[in-house]
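Here's a quick briefing to read alongside the structure. Have a look at it first, then work through the points below.

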Amino acid sequence: MNGSQLIILLGQLLLGMAAGFVMHRADFCMTGIFRDLFLFGRRTMLYALLLLMTCLVLLYTLAQGLGILLYPFPLFGAPSLANLLGGVLFGIGMVLAGGCVVGSLYRMGGGSTLSATAVIGLIVGSLLYVELDGWWLPIGQSLSLGSSAITLPQLLQLPPWLISLVLLTVTVPLLLLWWRRGLLQVPFGPEGHLQPWMAALLLALIAFLSTLLAGIPLGVTTSYAKLAGYLLLPLAPEHVATLGYFQRQGLDFSHPLLGIRLTGGGGPRLDGIALIQLPLMAGLVAGGALSALRLGELQWYFKAPRRQYLSAFCGGLVMGLASRLAPACNIWHLTGGLPIMALQSILFVAGLLPGTWLGVQLLTRLVVRSE
Amino acid sequence: MVMEEMVFDLRGRICPSTLLVAMKEMNDHRQQLQQGTVRLRLLLENRDATVTIPEMARNMGYQVEISKQGQHYELVIGEPA
């Protein structure tokens, strides 16, 4: 391992820990943000998410203008209806799981056995996709929208900074208005609680630093497939060698800051994806655990009704499957693609909203019953 | 008047079942809560619920007390504010 790789590994671990810590303190749950909008009409955390994304629009535009980040980010491709479908499935899955691919990690670190169950579901769901990859690939290709543009500015043939300026012109006055009305904070909170606005600013900084360091936005889902590969490898090495998804190398770019070439994919190999994502995942779990430990709240509970464990597992499984179909997850699209107006991310979020609504209908009818 | 206390141990439940159960119980016992004959004691470990449940309860006009008891939180929802 060379010096640049060591910097990425340690940096991602520390940034993952910081993110896990902040998310645990503020309970900055991306699933809850969308779910509670449909379930209770609660918007405070949605305002905070918009603050986070607004900061990232500004930071990414500056960094890409300076040439220290690639535009668009590596791994983003042309839009497809698969992004929309993936968003719908992901929305259903995250509500049933009680947290997304990142939320389940920091909550698992904080002692949630349901989140640990969702993580197992995510690994199984990712493996399920890997097995279905050969069947899905031609269908996914047929769903392409035929555009070679990756972002909205490319589609409109406008400079990215102009679209960013339009976005900021809309969001900044709105955020100022919500700030004046006190809508970016909450009146009550548990011990060590971070206000939503503070958490949003800290998470925007963490997401930006991680993107600078890794060269790609925050994301962990390819590594769920990687973990599935590692688990399957000792059991069926010949079968793993035949699986097409594990052989592909989706990541291949030259890091604009560190000057190294990073390549990698979902297969069980120590490659660029492993270097970027596995320390981030470990950091998220450790950050959630550290926060809970310092508050004296680290405790494993096993008392949830069985149907809730089943829901967490099935939700994780659907998310694992969806994150490979989409491709990627809510964190990748909300903190990476949407701030640069990636078309895949716009479609993913357009699917995530009805998916979340569907998930809420399933959760309230089938999972959460009167005690 | 005798005050009845109903205790709900909601620790370790899936999000957002804690809030849904709290809302259901507040609705089911609306009359007794308003008369001050019942109060609800909720045992929680979900940090988010210590923000959302008091918010909802106060919007519905009830008094809420939050305290940390060791590794978990206790919310007491009682008489009208």
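This is a predicted model: local features need pLDDT of at least 70, side-chain atom pairs count only at pLDDT 80 or more; totals for chains, interfaces and linings use all residues.

Let's begin with a nonpolar patch, where helix 16 of chain A (residues 343-367) makes the largest contribution, three residues.

**The nonpolar patch**
- The patch covers about 330 Å² of surface and is built from A:Phe38, A:Leu353, A:Trp357 and A:Leu358.
- One of its members, A:Leu353, sits in helix 16 of chain A.
- A:Leu353 has a relative accessibility of 31%, so it counts as partly exposed.

- Interface size is often quoted as the accessible area that is lost when the parts come together.
- Here, chain A and chain B bury about 2900 Å² between them, and 59% of that lies on carbon and sulfur atoms.
- On the chain B side, B:Ile14, B:Arg47 and B:Gln71 supply 26% of the area this chain buries against chain A, more than any other three residues.
- As for who takes part, the contact draws 38 residues from chain A and 31 residues from chain B.

- Five salt bridges are counted between chain B and chain A.
- In a salt bridge, the side chain of A:Arg42 meets that of B:Glu55 at 3.2 Å, N to O.
- On the side of chain B that touches chain A, the elements giving two or more residues are helix 1 (17-28), helix 3 (49-59), strand 3 (62-69) and strand 4 (72-80).
- Helix 3 of chain B gives the most to that side, with seven residues.

Technical notes:
Residues are numbered from 1 along each chain as its sequence is written. Chains are lettered from A and ligands numbered from 1 in the order in which they are written. Side-chain values use heavy atoms; hydrogens and water are left out. Patches are made of residues with over 30% relative accessible area and no salt bridge: like charges are joined within 9 Å, nonpolar side chains (Val, Leu, Ile, Met, Phe, Trp, Tyr) within 5 Å. Accessible areas come from the Shrake-Rupley method with a 1.4 Å probe; for residues, only the protein chains shown count as cover. A salt bridge is a side-chain nitrogen of Lys or Arg within 4 Å of a carboxyl oxygen of Asp or Glu. Helices (H or I, at least four residues) and strands (E, at least two) are DSSP runs, numbered from the N terminus. Buried means under 20% relative accessible area, exposed over 50%, partly exposed in between (1.4 Å probe, protein chains only). Contact means heavy atoms within 4.5 Å. Buried area is the accessible area (1.4 Å probe) that two parts lose on being put together, summed over both.
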